[in-house]
Number of protein chains: 2
Amino acid sequence: MSALRRFILKCRECGREYEPRLVYVCEECFGPLEVHYPELGRLNLSRSVIESRRKDLWRYLELLPIEDPRNIVSLGAGYTTLHKAERLGRKLGLRNLYLKEDITNPTHSFKDRPASVAVSRCLELGLKAVGCASTGNLAAATAAHAAKAGLPSFVFIPEGLEKEKIAQALSYGATIVEVKGTYDQANWLAARFAEEYEVGVVNVNIRPYYVEGSKTLAYEVCEQLGWKAPDHVIIPMASGALLNAINKGFNEFRELGLIDNGTRVSGAQPQGCSPIATAYQRGDEYVTPVERPETIAKSLAIGDPGDGNYALRTIRRTGGAAAAVSDPEIIEAVKDVASLEGIFVEPGAAVPVAALKRFVEDGIIDKDETVVCYLTGSGLKAPETLIEKVRPPIVIRPSVEELRKIMEVMGVA
Amino acid sequence: MSALRRFILKCRECGREYEPRLVYVCEECFGPLEVHYPELGRLNLSRSVIESRRKDLWRYLELLPIEDPRNIVSLGAGYTTLHKAERLGRKLGLRNLYLKEDITNPTHSFKDRPASVAVSRCLELGLKAVGCASTGNLAAATAAHAAKAGLPSFVFIPEGLEKEKIAQALSYGATIVEVKGTYDQANWLAARFAEEYEVGVVNVNIRPYYVEGSKTLAYEVCEQLGWKAPDHVIIPMASGALLNAINKGFNEFRELGLIDNGTRVSGAQPQGCSPIATAYQRGDEYVTPVERPETIAKSLAIGDPGDGNYALRTIRRTGGAAAAVSDPEIIEAVKDVASLEGIFVEPGAAVPVAALKRFVEDGIIDKDETVVCYLTGSGLKAPETLIEKVRPPIVIRPSVEELRKIMEVMGVA
């Protein structure tokens with residue numbers, strides 16, 4: 001099997017194939033390109049081979065778009081804990097609820113997965129620098145992996161972003177380019193950057209490779225469940241790319257014969273920015289963009305989701321569902337996941353848990369099904385969202401009598 | 001081998017032995033008690049048995065002070081990446097430099113290790129609640145594990161702490177008791193809490209069990225280096241307990257025959273609070289407390305280190321060294337670790353890297369030695385320390401011409 005033929009690019013719309021170079025849009029029909037593994041069925045990749053490898057996302061090397069393993073840029077992302085959620089499960093009436101705790105990646109969000117693959121591919125393609133447009137998790141993940149690779153990185157942000165949000169990316173030595181304008185304008189300039197220079201903008205001209213990193217979230221869950229796919233997964237949706245990538249992961253594992261059961265794939269969005277969930281509920285075939293996203297789940301505030309129509313199709317084809325949840329429901333979910341399971345997530349990552357409650361109430365999910373919610377980012381990314389919503393400190397003097405008074409109230413004997 | 005005799009408590013000063021109950025100070029001589037495994041030599045714990053187990057700190061179950069595995073409270077802490085630091089190593093002239101990236105634990109600091117063991121032991125001892133005095137990492141780790149166990153948790157903090165610092169602990173549902181007074185007074189009240197109620201205060205009456213969690217940082221590094229101890233380790237020192245625990249881990253692995261080489265154990269402190277390093281440099285046998293700690297490495301600001309004298313002895317016995325580094329050196333180290341290796345740590349966690357530079361300059365460490373620096377907490381815990389110290393964003397209009405001007409300056413062609 002020649003290394004070059006292991007993977008190709010293929011247009012999602014017209015199926016035209018391309019050599020895997022620096023191309024991301026079909027020249028024929030302008031459809032998006034995605035990575036395809038033509039020899040997948042002939043790959044000799046067994047469960048025991050995978051099990052013998054190091055516990056990070058690169059254990060699935062043959063299923064990732066890198067030709068030479070020496071180009072791998074890894075900070076150890078992947079193979080995060082699949083957490084059996086006993087207490088949250090009891091509250092919701094579910095016997096087999098799992099949380100994929102993807103907050104323990106190196107920069108504390110799932111974005112380390114696509115960033116690791118994208119920066120590796122940039123190195124492999126001989127590019128001189130990497131970049132992205134981002135206001136948060138992607139900036140940190142891209143900058144960290146670029147630092148490890150020794151490549152300069154450029155992060156395009158809209159004006160007026162709080163300094164705390166970019167401290168992490170700055171720490172890794174990224175050059176922050178603050179664009180006087182909106183996020184869309186920052187995004188536009190990042191795309192020009194990709195066109196004008198020999199650089200890889202991870203979510204623009206490296207996008208086909210980049211999204212492959214996210215599908216390892218499907219592989220790992222199957223492996224962690226004893227080589228069995230979950231009955232149902234719930235995924236936060238921004239552009240919709242994560243949901244499609246995870247579904248692609250399940251499909252590839254089935255094609256390889258590593259699992260044999262199917263998975264219903266559901267998506268969750270915040271009400272203040274729910275173009276995909278709204279289209280699902282209306283029965284529309286295409287997503288209508290949201291003009292002004294307004295939600296505490298900042299990491300999901302993409303009004304015009306690039307992969308929205310594909311996500312919609314995936315949800316329907318797999319028999320999944322989509323829900324839009326309110327800010328109070330999201331905060332409640334953050335508190336539930338933290339106080340019942342000990343996992344502190346950012347609002348965007350709690351959206352699937354809030355949606356899960358709805359799905360259970362609506363009878364979409366049965367109590368015996370194996371359900372996985374993907375928790376995609378740490379609560380430390382946005383601690384301010386919670387401060388006003390939790391019980392404030394109890395203030396006392398340093399005295400044993402005052403301590404006793406509190407403990408009496410708290411029921412500690 | 002009876003479960004109860006697997007481990008006992010033993011006074012570090014007079015050697016008196018105790019059944020492993022809720023006792024932490026020797027009744028004879030008031031010395032601190034520590035966990036001792038009398039049958040260690042007869043334990044049939046092989047490399048392959050350990051290798052076959054799940055990748056978290058509980059893979060070393062026989063070496064941890066829990067009688068019944070059903071009491072284990074785990075969020076998946078442990079078995080974090082041992083990161084080969086090629087670029088930082090080159091800068092410092094070291095060929096075998098490793099960073100133990102302990103920021104990817106569930107609450108993003110090494111404190112998840114002792115907290116996991118302590119809360120498990122609290123459950124095992126039938127205690128009704130857990131607590132700690134802390135201004136940061138320990139509060140989050142304790143509250144998270146208590147949440148997972150379904151035990152109420154109480155965190156004692158001094159007055160005037162910024163809300164951001166306690167948001168994480170609050171999220172897990174901890175009751176925050178703000179004590180009108182200093183950190184010492186909060187600590188004092190936490191100790192009273194341990195005395196007055198049937199509760200476990202992790203770093204007071206559960207302390208002997210608690211510190212055992214930290215020694216897994218030694219075990220893992222040996223395993224990750226192919227069952228070989230590093231030549232030299234550098235550890236941040238606050239109370240000194242972490243350094244002693246890691247040294248205990250190396251000793252136990254040697255006693256078990258799992259490794260056979262020795263390790264020099266060095267400690268690092270910030271200049272604004274360096275009682276142990278100062279005593280080392282002066283040749284003193286005992287540590288003199290620091291009245292007013294003042295450093296950006298807040299997590300190391302313990303003026304009167306409980307385990308300081310023991311840490312001093314460990315450093316000297318193993319042929320290690322101790323250094324006190326300045327705030328500018330610490331910030332430089334944060335930037336180096338982030339920009340060369342893609343790992344963003346809090347100032348306290350960068351202190352060993354700053355000390356490492358000194359050790360190399362002073363000829364204490366040779367270029368071929370295998371060196372491990374312990375990175376104990378994520379930079380997201382204290383992003384504000386870095387914001388004013390890194391290169392600010394470059395501000396431009398959304399225009400290709402302005403983009404070109406920047407890229408020319410940056411040398412991107």
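1. What distance separates the centres of domain 1 of chain A and domain 2 of chain A? In this predicted model, the two centres, taken over C-alpha atoms, are 28 Å apart. Domain 1 of chain A covers residues 1–38, while domain 2 is made up of 82–108 + 212–387.

2. Within chain A, helix H9 (residues 241–255) and helix H11 (residues 308–318) have axes that come within 8 Å and cross at roughly 45°. Because of that angle, H9(A) is oblique to H11(A), and the crossing of the two helices is left-handed.

3. On the H9(A) side of this contact are A:Leu243, A:Asn244 and A:Asn247, which meet A:Tyr310, A:Ala311, A:Thr314 and A:Thr318 in H11(A). Sorted by class, the contact of H9(A) with H11(A) has 3 nonpolar and 4 polar residues, with no charged residues.

4. Between the chains, 70 residues of chain A are in contact with 69 residues of chain B. The elements of chain A that give two or more residues to the side touching chain B include helix H4 (137–149), helix H5 (163–171), helix H6 (183–196), helix H12 (327–341) and helix H15 (400–410), and among them are also strands S8 (175–179) and S14 (394–396). By class, this side of chain A has 38 nonpolar, 18 polar and 14 charged residues.

Terms used
Residues are numbered from 1 along each chain as its sequence is written. Chains are lettered from A and ligands numbered from 1 in the order in which they are written. This is a predicted model: local features need pLDDT of at least 70, side-chain atom pairs count only at pLDDT 80 or more; totals for chains, interfaces and linings use all residues. Axes are lines fitted to C-alpha atoms, for helices over the stretch in contact, and angles run from 0 to 180 degrees between N-to-C directions. Helices (H or I, at least four residues) and strands (E, at least two) are DSSP runs, numbered from the N terminus. Angles under 35 degrees count as roughly parallel, over 145 as roughly antiparallel, 65 to 115 as roughly perpendicular and the rest as oblique. A crossing is left-handed if the near helix is turned anticlockwise from the far one by less than a right angle, and right-handed if clockwise. Two residues are in contact if their C-beta atoms, placed from the backbone, lie within 7 Å. Ala, Val, Leu, Ile, Met, Phe, Trp, Tyr, Cys and Pro count as nonpolar, Asp, Glu, Lys and Arg as charged, and the others, Gly among them, as polar. Domain bounds come from an automatic or database domain assignment.
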